[in-house]
Amino acid sequence: MIKQAGRMRWAHAAGSAMLLMAMSSGAGAGGLYTTERGVRPMGRGGAFVAGADDLGAVFFNPAGITHASRQVLGDVGFVLMHSKFTRVARVWQTDPNTGQPTGQSWNHTFPTVEGSSQILPVPTVALSYDFGIEGAAFALGVWAPYSASARYEAKVAGVPNPGRYMLLNLDGSALAVPGVWGAYQITSALSVGAGFEMLAGKYRSVSMMNACLPDRWMCAPEAPDYDALTMIDVGPILAPSGNFGIQFDPHPHVRLGASFQLPFYVRAPARSKVRIPSAAVFQDAYQQGDEATVEMDFPWVGRVGVEGRWEKFRGEVAYVYEAWSMHDEIKITPKDIVLRDVLTFPDDYRVTPQTILRNFQDTWSIRLGGETWIELGSYQLDLRAGVMYERSAIPKPYLSTLTIDLDKIIVGLGGGIHVTPTWRIDWMVARTFNTPVDVSPHEAKIEMHTPVRANQPDPSMRDHVNAGHYEANATLLGLGLAVNYL
């Protein structure tokens with residue numbers, strides 16, 4: 001029989017881990033986008049800072065709104081992502097009589113897990129008007145991040161998914177950024193702009209936690225009947241932010257641009273629901289209460305670009321810096337979440353506040369892209385192409401199937417046809433080429449969250465669930481319409 005002190009540590013870890021596991025699966029709420037966004041910008045490989053001259057400027061550089069003083073823009077993108085994860089775990093041999101490690105260990109490779117994204121439209125809708133003010137433009141709109149909602153099957157090769165402790169699916173998530181923007185052309189060569197934005201929506205994730213003792217006291221590690229299906233709903237999310245930018249033409253053939261996106265500070269309510277494990281020890285257990293609050297930060301982004309402008313061609317080089325080191329942790333504060341009637345637990349255990357370490361790192365990307373146009377009878381045909389290189393924002397020890405962000409090259413192609421002097425139809429296709437990553441068991445830092453840890457194991461023997469081989473790729477498709485009106 002476990003002593004009372006052991007029961008209290010067990011109960012404390014139990015309540016903490018139920019909420020901790022739920023929130024760690026919700027941690028990527030829009031945090032890491034698959035790529036940049038927008039049909040015309042991505043046709044140029046994301047190089048659209050100095051050259052932003054339609055309502056795609058609300059995202060890239062609001063100073064460019066002055067070039068689209070009276071315009072309606074709508075586009076929709078689709079992110080088709082596919083990922084693979086082959087988990088590798090370090091297995092430690094223990095003495096069956098004493099439970100003590102023998103010093104023998106080896107790597108075990110699990111079946112490969114494949115994930116794919118839901119096919120969902122990612123929109124941009126914006127309207128601008130100048131109200132008769134010379135040199136001014138004002139815009140109202142909404143955009144959504146190009147992020148993939150990953151889904152993984154519960155079983156692989158007839159056994160439980162080896163990556164189930166990081167993520168099963170993100171079904172039901174929906175995030176968008178509505179905003180208002182204004183811009184003014186100070187001189188014929190200098191424009192400035194700024195906007196107020198709000199990250200809004202909800203985030204839902206489903207994953208597993210495991211309630212098995214790590215020292216084999218009553219079950220084998222990762223025993224399926226000790227799995228607890230965990231769902232977290234974060235929202236409504238309402239996180240205000242803003243952006244501002246400048247464009248300057250020092251020469252008729254050169255335009256410079258720079259913009260700055262302020263951080264999003266998410267402070268949102270959440271609900272955590274856990275399906276109690278099927279093992280006998282949890283036969284009469286239940287969770288009372290499910291409310292919590294979540295705090296996490298998403299980065300500021302700085303963009304600079306220079307565009308060469310000629311009669312039949314425009315080409316831009318741009319550099320983007322994203323301060324993802326701001327996303328170093330997630331704080332969860334439960335509101336009266338109580339666990340009841342778990343064998344050997346106190347009758348009434350209240351879950352305490354938790355902090356999840358994320359330890360992301362700042363990242364950057366460089367883009368090169370441009371567009372040209374030709375006349376086809378009474379129509380104008382635009383042709384676009386571009387390429388982007390982007391570093392990962394996630395250090396290898398913290399990489400997981402929830403947030404697969406790898407060093408990548410993105411190649412974009414696109415075009416537009418001016419069906420009238422004021423109507424333009426755009427299209428885009430882009431492809432990401434990601435560098436596969438191997439995370440060794442010695443590097444991995446994402447632990448198995450278990451609610452029944454009566455004794456803290458040796459740190460070198462802790463069960464980390466994110467070691468293994470990661471691959472990912474994505475295809476982007478987009479279609480848009482821009483209409484200039486009088």
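Tutor: Let us begin with a definition: a residue is buried when its relative accessible area is under 20%, exposed when it is over 50%, and partly exposed in between, as found with a 1.4 Å probe on the protein chains only. The structure is a predicted model, in which local features need pLDDT of at least 70 and side-chain atom pairs count only at pLDDT 80 or more, while totals for chains, interfaces and linings use all residues. Residues are numbered from 1 along each chain as its sequence is written, and side-chain values use heavy atoms, with hydrogens and water left out.

Student: Why does Asp405 count as buried?

Tutor: Its relative accessibility is 7%, and because this falls under the cut-off, Asp405 is placed in the buried class. It sits in the loop between β23 (379–390) and β24 (408–418), where helices (H or I, at least four residues) and strands (E, at least two) are DSSP runs numbered from the N terminus.

Student: What makes the approach of the Asp405 side chain to Lys408 a polar contact?

Tutor: A polar contact is a pair of N or O atoms within 3.5 Å; within protein, one must be able to donate a hydrogen and the other to accept it, and residues adjacent in sequence count only if both atoms are side-chain atoms. The side chains of Asp405 and Lys408 make such a contact at 2.9 Å, and the Asp405 side chain also reaches the backbone nitrogen of Ala393 at 2.7 Å.

Student: Why is strand β16 said to be largely enclosed by the rest of the structure?

Tutor: β16 covers residues 301–309, and seven of its nine residues are buried, so the strand is described in that way.

Student: What makes β16 a paired strand, and which strands are its partners?

Tutor: Two strands pair if DSSP finds at least two bridges between them. β16 meets strand β12 (residues 254–261) in the antiparallel sense over eight bridges, with Gly305 of β16 as the bridge partner of Gly257. β16 also pairs with strand β17 (residues 313–322), again antiparallel, over nine bridges, and the link from β16 to β17 is a hairpin through three residues. In this second pairing Glu307 stands opposite Glu316 of β17.

Student: What kind of peptide bond joins Gly235 and Pro236?

Tutor: The bond is cis, with omega at about 5 degrees, and Pro236 belongs to strand β11 (residues 227–251).

Student: What makes a set of residues a nonpolar core, and how many residues has the largest?

Tutor: Such a core is a set of buried Ala, Val, Leu, Ile, Met, Phe, Trp, Tyr and Cys residues joined through side-chain atoms within 4.5 Å. The largest has 80 residues, and those with the most contacts inside it are Ile65, Tyr146, Leu199, Val234, Ile237 and Val266. β27 (468–484) gives the most to this core, with five residues. Another core, of ten residues, lies apart from it and includes Tyr226, Val281, Phe282 and Val342.

Student: Why does Gly46 count as buried, and where is it found?

Tutor: At 0% relative accessibility, Gly46 is under the cut-off and therefore buried; its place is in the loop between α2 and α3. The C-alpha atoms of Gly46 and Val317, which are 271 residues apart along the chain, are separated by 9.6 Å.
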